[in-house]
Amino acid sequence: MSPAARREYLGALVLLAAGGVLGLVAASRPWGRAELSSSLSVTSTTVSGSDLVPLAPAVALVALAAVVAVPAVRRLGRRVVGAALALLGAAQAALAALTLPDLAGRVRDWLESSPDGLGSAEEITTSPAWAVAVVVAGLLVTAAGALVAVRGPGWPAMGARYERPAGHARAEGAAKPAEGNRATWDALDRGDDPTT
């Protein structure tokens, strides 16, 4: 593999790992914190990125799995994996970007529709940096997926160093053992011992 291809290969794997780790970390952090009051007390609750963008942790896990899958699959498989990663990363980035303009409203909507019946919040504070990090993670996965889809088929796969190079003359290699076997059987038919 040429040095440029090796850099592309390693770069794609690094982008996938970075996008996966960043996506997992940022999606697990609280994007919003709300003060909920009841007749007896005031409680504080947090809403994480995975609550608001459930796709984010799933895409992060797929990206991390792809760090192993990309070296294992070959030409067409890499095109399919790369295209899927690019689409998933773009969807994650778009969904996270859509939450940014009205992050407090999204937090409020999630609390009101929560299955735990948390109710409406009086005061909401947000952490938009985590949403931006999920957008960045999605873009990293998208870039890595596009690189794998376009350039990946030319990269070597696991175990490729042990395979016979393409175009190797198989006919010559196959004819010699057949001729050797025929000579052995002919010797046996004549009553000769071919092992001596």
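A salt bridge is taken here as a side-chain nitrogen of Lys or Arg within 4 Å of a carboxyl oxygen of Asp or Glu. By this criterion the structure contains two salt bridges. The structure is a predicted model, in which local features need pLDDT of at least 70 and side-chain atom pairs count only at pLDDT 80 or more, while totals for chains, interfaces and linings use all residues. Residues are numbered from 1 along each chain as its sequence is written, and side-chain values use heavy atoms, with hydrogens and water left out.

E8 lies in helix 1 (residues 3–28) and R151 in helix 6 (residues 128–151), so the pair ties together parts that are 143 residues apart in sequence. Burial is judged by relative accessible area: buried means under 20%, exposed over 50%, and partly exposed in between (1.4 Å probe, protein chains only). E8 is partly exposed at 22% relative accessibility, and R151 is partly exposed at 44%. The other salt bridge is formed by the side chains of R190 and D192, at 3.3 Å from N to O. Here R190 is exposed, with a relative accessible area of 58%, whereas D192 is partly exposed at 40%.

The protein has seven helices and three strands. Of the 196 residues in the protein, 31% are buried. The accessible surface amounts to about 11,400 Å², and 61% of this surface belongs to carbon and sulfur atoms; areas were computed by the Shrake-Rupley method with a 1.4 Å probe, and for residues only the protein chains shown count as cover. A contact is defined by heavy atoms within 4.5 Å. Among contacts between residues at least 6 apart in sequence, 74% join residues at least 24 apart.

Confidence is expressed as pLDDT, the predictor's confidence in each residue on a scale from 0 to 100. The mean pLDDT of the protein is 82, with 80% of residues at 70 or more. Confidence is highest in helix 6, at a mean of 94, and lowest in helix 7 (residues 170–190), at 65. Over residues 171–175 pLDDT stays under 50, and the model has zero contacts beyond four places in sequence for these residues.

In soluble globular proteins, nonpolar side chains tend to be buried together. A nonpolar core is a set of buried Ala, Val, Leu, Ile, Met, Phe, Trp, Tyr and Cys residues joined through side-chain atoms within 4.5 Å. The largest such core comprises 19 residues, and W31, L52, V107, L111 and V134 have the most contacts inside it. At least two residues of this core come from each of helix 1, strand 1 (30–37), helix 4, helix 5 (103–112) and helix 6. Helix 6 provides the largest share, four residues. Another core, of 14 residues, lies apart from this one and includes Y9, L13, L85 and A144. Beyond residues up to four places away in sequence, V107 touches G32, V47, L52 and I124.

Helix 6 has 24 residues and spans 34 Å from its first C-alpha to its last, close to the expected 34 Å; the expected span is 1.5 Å times one less than the number of residues. Its buried residues include A131, V134, A137 and G138. Helix 4 has 25 residues and reaches 37 Å between its first and last C-alpha, close to the expected 36 Å. Among the buried residues of helix 4 are R78, L85, Q92 and T99.

Q92 is buried at 1% relative accessible area. Leaving aside neighbours within four places, T99 is in contact with W31, V53, R106 and A131. A56 belongs to helix 3 (residues 55–72) and is buried at 0% relative accessibility. With neighbours within four places in sequence left aside, A56 is in contact with A27, Q92 and V134. A56 and G20, 36 residues apart in sequence, are separated by 9.2 Å in space, C-alpha to C-alpha.
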